[in-house]
Amino acid sequence: MVQIQRHDPNYPIRLLDLCDPPNSLYIYGDIQLLNLPMLAIVGSRASSPEGINNARYFGRALSEAGYLVISGLARGIDGAAHWGALGPRQDHPTLAVCGTGLDVVYPREHIGLARAIGRRGLLISELAPGIGPRACNFPRRNRIIAALALGILVIEAAERSGSLITARLGCELGREIFAVPGSIHSPLSKGCHQLIQQGAKLVQSPQDILEDLPKWPKTAFKVI
């Protein structure tokens, strides 16, 4: 684990778009990955099987297209997006922004996922080691996700959801916002439908996202 300050050349410049960028970041993994173009995938913790499948599908496709997939290591959509981005051989990177110190994995069932990300990708936090899960720290985590990403994809979100906060902050920062639609009868689709009504792009496939973003070579990172 290393700690970088705001004046460090490795500090992600996109975080400076925030009105309150972190003074420092704790980092575990390949720090050079911070130079890659990033896309965030976020959504409900209480996700449906369809949502999990969609998160894995989009995570893998966007990772294979050369983007570093970011999420928050949470249950549900976040975890599925990370697993999808890692790929079946766990040989692609993904970035987890943590709402705890990096020595405290939350939720505990994601210890294996955190280890897989640390081997091939990157875990970051503005919180010092030893700090456990506190409700006030997850919005702080979400603002980092929003700032790092070129675009934010929301897959399943209730009407009042932290994922919507991430998306709206991303919109304020000028990031592209994408949402996967669902059944009009599903509570988990209401947040995505709100975003679409407010101008987010409705997406049905990874290509719907890729056509709105700068083109990057598929060899943006080296698979070993």
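Predicted model: local features only at pLDDT ≥ 70, side-chain atom pairs only at ≥ 80, totals over all residues.
Is Lys 201 buried, partly exposed or exposed, and what is its relative accessible area? Lys 201 is partly exposed, with a relative accessible area of 22%, where buried means under 20% relative accessible area, exposed means over 50% and partly exposed lies in between, using a 1.4 Å probe and protein chains only. Residues are numbered from 1 along each chain as its sequence is written, and side-chain values use heavy atoms, with hydrogens and water left out.

Let me stay with Lys 201, whose side chain meets that of Glu 211 in a salt bridge at 2.7 Å, N to O; by salt bridge I mean a side-chain nitrogen of Lys or Arg within 4 Å of a carboxyl oxygen of Asp or Glu. Glu 211 lies in the segment after helix H7 (206-210) and Lys 201 in strand S9, so the pair ties together parts that are 10 residues apart in sequence; helices (H or I, at least four residues) and strands (E, at least two) are DSSP runs, numbered from the N terminus. Lys 201 also forms a salt bridge with Asp 212, and there the closest N and O atoms are 3.3 Å apart. Glu 211 is partly exposed at 43%, and Asp 212 is partly exposed at 34%.

The pair of Arg 143 and Glu 126 has its closest N and O atoms 2.6 Å apart. Arg 143 is buried, with a relative accessible area of 9%, and Glu 126 counts as buried at 15%. Both belong to a network of salt bridges that links Asp 20, Glu 126, Arg 140 and Arg 143.

Turning to the sheet, we have an open one of 9 strands in the order S1-S2-S6-S5-S4-S3-S7-S8-S9, with mixed pairing, where two strands pair if DSSP finds at least two bridges between them. The edge strands, each pairing on one side only, are S1 (2-5) and S9 (201-202).

Helix H2 packs on this sheet, touching S3, S4, S5 and S7, where contact means heavy atoms within 4.5 Å. Helix H2, residues 77-86, is mostly covered, with 9 of its 10 residues buried, among them Ile 77, His 82 and Leu 86. After H2 comes Gly 87, whose phi is positive, near 85 degrees.

Terms used. Axes fitted to C-alpha atoms, helices over the stretch in contact; angles between N-to-C directions.
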